[in-house]
Amino acid sequence: MRPTSPGRRPSRAVLALLLLASFTLITLDARGGDDSPLEPVRSAMGDVLGPVENATAATVRPFAAIPGFFRTTGGLRRDVARLEAENSQLKGELAGVSVDRNRAAELDGLLATSKSTGYALVPARVVAMGPAQSFSRTVTIDAGTRAGIRPDMTVLNNDGLVGRVVRADRSTATVLLLVDQDSVVGGRLGSSMEVGLLRGRGTVGGDEQLDLDLVDPSATVNRDDVLVTWGSKKGAPYVAGVPIGRVTAVASTPRQQSVQAVISPYVDFTSLDLVGVVVDRNAKSDRTVIRAGSMEGSR
Amino acid sequence: MSALRALLLTVVLLLAVVLQVSVFSGLSYDGVVPNLALLVVVAAALVRGPEFAAVLGFLGGLAIDLAPPTHHVAGRWALALVVVGYLAGRVRQDAGSSAVGAVVTVAACSFVGTSLFALSGMLLHDPAIPVGQALKVIPVAVLYDVLVTPFVLPLVMRLFRRLQPHQVAF
């Protein structure tokens with residue numbers, strides 16, 4: 001390509017052509033949906049760039065810990081103060097434990113159910129995060145179809161539900177986080193067993209919050225109620241009984257035909273690292289699959 | 001353009017995209033990371049002019065659109081970066097020579113690019129981005145891009161000068 005000399009007006013034709021090409025791409029991809037003509041290109045890019053992202057993330061991982069070395073005494077003092085405050089708060093909560101015991105028992109029951117169904121987990125690490133400029137909350141994990149991962153699988157970590165797999169390439173997979181605007185999850189309240197639909201707000205940073213619309217307009221929701229996944233047919237895209245978060249605010253307007261609650265998720269979406277993908281019990285995988293049932297010797 | 005040059009340009013673009021999702025994600029501010037691909041396109045525009053930069057912007061945008069973990073309609077970043085490359089190329093006579101000019105160009109381009117991407121998302125409902133959200137992200141994005149400009153732009157501009165095919169001085 002010839003560079004434009006200062007005296008000459010740059011050709012508008014190139015610009016028009018490229019703009020037209022962009023519009024064509026957008027139209028093709030938006031209309032095509034899941035079988036868009038760009039899908040092969042996308043998975044080729046995923047297959048090529050996935051391993052590169054894995055390698056890059058593995059290289060920089062040791063350096064990510066470096067800021068921790070430089071924490072000053074002041075920082076540690078602040079930590080102690082914060083932990084003391086947290087401790088006293090927890091003591092206060094412990095005092096009201098009898099009220100919570102019911103809920104805890106219910107949640108335990110749900111968790112036990114999930115354990116007894118024996119979800120098998122493929123462990124994976126987050127290697128890339130979608131920039132906020134793209135306005136979608138997605139991450140790449142370093143496990144793909146070779147590790148037995150397929151689209152519409154549940155992703156969780158030790159705090160709770162993270163999201164679902166939206167596409168899987170050979171060595172990486174893309175996970176749509178719970179907080180994305182496109183994310184809709186069926187949730188069930190631990191205290192009343194009421195069900196509702198949980199939507200992400202798509203906001204970034206700070207306190208992440210989700211909106212829960214309860215199906216039953218006469219349902220009662222209390223603050224600090226625990227929300228777990230409702231579960232879908234055959235566990236796709238969400239398996240049942242995974243903790244999501246707790247209720248922080250309730251808004252019920254008589255005019256609207258539903259009760260709305262604000263949910264604060266258990267998972268910290270800004271510092272995701274190790275996650276687990278729920279796979280079929282007999283899934284073939286190139287890495288160690290964590291099987292809850294077999295670890296406890298129940299099978 | 002020889003095959004080697006094309007290969008090198010592809011590598012630079014892909015490297016920018018990979019770095020921005022997998023290295024800078026650890027240094028993000030509220031999820032916003034510096035848009036390195038945009039900086040590469042601006043550098044190309046300042047060295048080589050609007051036509052070259054628009055083509056590079058299209059390819060770079062496509063790389064962002066298709067590289068994991070994106071989940072939006074392909075072509076949206078391509079559209080934004082084509083416009084960015086063209087605009088930056090048009091102002092290069094004023095901006096190419098001075099450092100302040102270059103920084104102002106990056107700020108303007110970052111604003112235009114991110115806004116165009118957000119606008120196309122609003123039009124396509126992909127997803128329907130709330131305006132407040134866009135207004136919160138765009139200033140941070142511009143600021144972060146400007147912040148990394150001194151470290152990235154001179155380096156990439158030097159690379160593009162070396163990659164430029166030899167020709168009679170104009």
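**Helix packing and chain contact in a predicted model**

Trainee: At what angle do helix α3 of chain B and helix α4 of chain B pack?

Mentor: Helix α3 (residues 50–66) and helix α4 (residues 76–90) of chain B have axes 7 Å apart. Axes are fitted to C-alpha atoms over the stretch in contact, with angles from 0 to 180 degrees between N-to-C directions; helices (H or I, at least four residues) and strands (E, at least two) are DSSP runs numbered from the N terminus. The packing angle of α3(B) and α4(B) is about 155°.

Trainee: At which pLDDT do side-chain atom pairs count?

Mentor: Residues are numbered from 1 along each chain as its sequence is written, while chains are lettered from A and ligands numbered from 1 in the order in which they are written. The model is predicted: totals for chains, interfaces and linings use all residues, local features need pLDDT of at least 70, and side-chain atom pairs count only at pLDDT 80 or more.

Trainee: Are α3(B) and α4(B) roughly parallel or antiparallel to each other?

Mentor: Angles under 35 degrees are roughly parallel, 65 to 115 roughly perpendicular, over 145 roughly antiparallel and the rest oblique. At about 155°, α3(B) and α4(B) are therefore roughly antiparallel.

Trainee: How many of the 15 residues of α4(B) are buried?

Mentor: A residue with 20 or more other C-beta atoms (placed from the backbone) within 10 Å of its own is buried, one with 12 or fewer exposed, and one in between partly exposed. The rest of the structure largely encloses α4(B), because the buried residues number 14 of the 15.

Trainee: Where does Pro69(B) lie?

Mentor: The peptide bond that joins Pro68(B) to Pro69(B) is cis, with omega near 5°. Most peptide bonds are trans. The place of Pro69(B) is the loop between α3 and α4 of chain B.

Trainee: Which helix gives the largest share of the side of chain A that touches chain B?

Mentor: The contact (C-beta atoms within 7 Å) takes 54 residues from chain A and 52 residues from chain B. Among the elements of chain A that each supply at least two residues to this side are α1 (12–32), α2 (39–64) and β1 (120–129). The largest share, 12 residues, comes from α2(A).

Trainee: Is Asp152(A) buried or partly exposed?

Mentor: Asp152(A) sits in the loop between β2 and β3 (154–157) of chain A, and its phi is positive, near 65°. With 15 other C-beta atoms within 10 Å, Asp152(A) is partly exposed.

Trainee: What is the phi of Asp224(A)?

Mentor: Asp224(A) is found in the loop between β8 (210–214) and β9 (226–229) of chain A. Although Asp224(A) is not a glycine, its phi is positive, about 70°.

Conventions
Contact = placed C-beta atoms within 7 Å.
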